[in-house]
Amino acid sequence: MTTSDKTFYKALGKRIAQYRKEQGLTQVQLAEKLGIAHLTMAHYEGGSLRIAVALLKPLAQELNVSMEELIDEPIPDFS
(Lines give C-alpha, C1' and ligand atoms only; values in the text may rest on other atoms or scores of the structure.)
Protein backbone atom coordinates (compact mmCIF):
# COMPACT_ATOMS: atom_id res chain seq x y z
CA MET A 1 0.00 0.00 0.00
CA THR A 2 1.31 3.42 -0.89
CA THR A 3 1.50 6.23 1.67
CA SER A 4 -1.46 7.89 -0.03
CA ASP A 5 -3.46 4.65 0.20
CA LYS A 6 -2.60 4.24 3.87
CA THR A 7 -3.74 7.79 4.60
CA PHE A 8 -7.01 7.25 2.71
CA TYR A 9 -7.83 3.93 4.42
CA LYS A 10 -6.98 5.25 7.89
CA ALA A 11 -9.28 8.25 7.34
CA LEU A 12 -12.00 5.96 5.93
CA GLY A 13 -11.69 3.69 8.94
CA LYS A 14 -12.11 6.63 11.30
CA ARG A 15 -15.25 7.74 9.45
CA ILE A 16 -16.67 4.22 9.58
CA ALA A 17 -16.07 4.07 13.34
CA GLN A 18 -17.60 7.52 13.84
CA TYR A 19 -20.74 6.73 11.80
CA ARG A 20 -21.05 3.29 13.45
CA LYS A 21 -20.96 4.84 16.91
CA GLU A 22 -23.50 7.48 15.86
CA GLN A 23 -25.82 4.62 14.91
CA GLY A 24 -25.26 2.99 18.31
CA LEU A 25 -23.71 -0.12 16.76
CA THR A 26 -20.78 -2.18 17.97
CA GLN A 27 -18.18 -3.53 15.55
CA VAL A 28 -19.67 -6.99 16.06
CA GLN A 29 -23.20 -5.82 15.22
CA LEU A 30 -22.11 -3.98 12.09
CA ALA A 31 -19.96 -6.91 10.96
CA GLU A 32 -22.91 -9.28 11.40
CA LYS A 33 -25.19 -7.00 9.37
CA LEU A 34 -22.60 -6.98 6.56
CA GLY A 35 -21.88 -10.71 6.76
CA ILE A 36 -18.19 -10.26 7.57
CA ALA A 37 -16.00 -11.25 10.50
CA HIS A 38 -15.68 -8.91 13.47
CA LEU A 39 -11.91 -8.94 13.07
CA THR A 40 -12.29 -7.81 9.46
CA MET A 41 -14.39 -4.85 10.61
CA ALA A 42 -11.75 -4.00 13.22
CA HIS A 43 -9.08 -4.01 10.48
CA TYR A 44 -11.25 -1.79 8.27
CA GLU A 45 -11.71 0.72 11.07
CA GLY A 46 -8.00 0.62 11.85
CA GLY A 47 -7.15 1.30 8.22
CA SER A 48 -4.96 -1.76 7.92
CA LEU A 49 -7.18 -3.59 5.42
CA ARG A 50 -8.61 -2.36 2.13
CA ILE A 51 -12.39 -2.47 1.92
CA ALA A 52 -13.83 -4.32 -1.06
CA VAL A 53 -15.61 -1.97 -3.43
CA ALA A 54 -18.67 -4.25 -3.36
CA LEU A 55 -18.97 -3.65 0.40
CA LEU A 56 -19.03 0.17 0.22
CA LYS A 57 -22.70 0.52 -0.77
CA PRO A 58 -24.08 -1.89 1.87
CA LEU A 59 -21.76 -0.32 4.45
CA ALA A 60 -23.00 3.18 3.64
CA GLN A 61 -26.60 1.95 3.80
CA GLU A 62 -26.10 0.33 7.22
CA LEU A 63 -24.50 3.52 8.50
CA ASN A 64 -27.27 5.69 6.98
CA VAL A 65 -24.83 7.86 5.04
CA SER A 66 -24.18 8.40 1.35
CA MET A 67 -21.23 6.74 -0.33
CA GLU A 68 -19.79 10.22 -0.90
CA GLU A 69 -19.93 10.90 2.84
CA LEU A 70 -18.40 7.53 3.58
CA ILE A 71 -15.41 7.89 1.27
CA ASP A 72 -15.29 11.68 1.65
CA GLU A 73 -15.00 12.19 -2.11
CA PRO A 74 -17.59 12.83 -4.82
CA ILE A 75 -18.61 9.78 -6.83
CA PRO A 76 -18.08 10.41 -10.57
CA ASP A 77 -21.05 9.96 -12.88
CA PHE A 78 -19.93 7.69 -15.73
CA SER A 79 -23.30 7.63 -17.49
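Leu55 is in contact with Leu34, Ile36 and Tyr44, leaving aside its neighbours within four places in sequence. The model is a predicted one. Leu55 sits in helix 4. Its relative accessibility is 11%, so Leu55 counts as buried. Ile36 lies 19 residues away from Leu55 along the chain, and the two C-alpha atoms are separated by 9.8 Å.

Just after helix 3 comes Gly47, with a positive phi of about 80 degrees.

Now take helix 1 against helix 3. Two packed helices are described by the angle between their axes and the distance between the axes. Here the axes of helix 1 and helix 3 come within 6 Å and cross at roughly 120 degrees. Helix 1 and helix 3 are therefore oblique to each other. From helix 1, the residues that meet helix 3 are Tyr9, Lys10, Gly13, Lys14, Ile16, Ala17 and Arg20. On the side of helix 3, their partners are Met41, Tyr44, Glu45 and Gly46. By class, the contact of helix 1 with helix 3 has five nonpolar, two polar and four charged residues.

Next, the core. In soluble globular proteins, nonpolar side chains tend to be buried together. The largest nonpolar core in this model has 19 residues. Those that touch the most other members are Ile16, Leu30, Met41, Ile51, Leu59, Leu63 and Leu70. Helix 1, helix 2, helix 3, helix 4 and helix 5 (67-71) each supply at least two residues of this core.

Leu63 shows some of these links. Leaving aside its neighbours within four places in sequence, Leu63 is in contact with Ile16, Tyr19, Arg20, Gln23, Leu30 and Leu70. Ile16, Leu30 and Leu70 are also among the core residues that touch the most other members.

What is the place of Asn64? Asn64 is in the loop between helix 4 and helix 5. With a relative accessible area of 57%, Asn64 is exposed. Most residues other than glycine have a negative phi. Asn64 is not a glycine, yet its phi is positive, at about 55 degrees.

Methods: Residues numbered from 1 in each chain as written. Predicted model: local features only at pLDDT ≥ 70, side-chain atom pairs only at ≥ 80, totals over all residues. Heavy atoms only, no water. Helix = DSSP H or I, 4+ residues; strand = E, 2+ residues; numbered from the N terminus. Axes fitted to C-alpha atoms, helices over the stretch in contact; angles between N-to-C directions. Parallel < 35°, antiparallel > 145°, perpendicular 65-115°, else oblique. Contact = heavy atoms within 4.5 Å. Nonpolar A, V, L, I, M, F, W, Y, C, P; charged D, E, K, R; others polar. Buried < 20%, exposed > 50% of the residue type's maximum accessible area, 1.4 Å probe, protein only. Core = buried A, V, L, I, M, F, W, Y, C linked by side-chain atoms within 4.5 Å.
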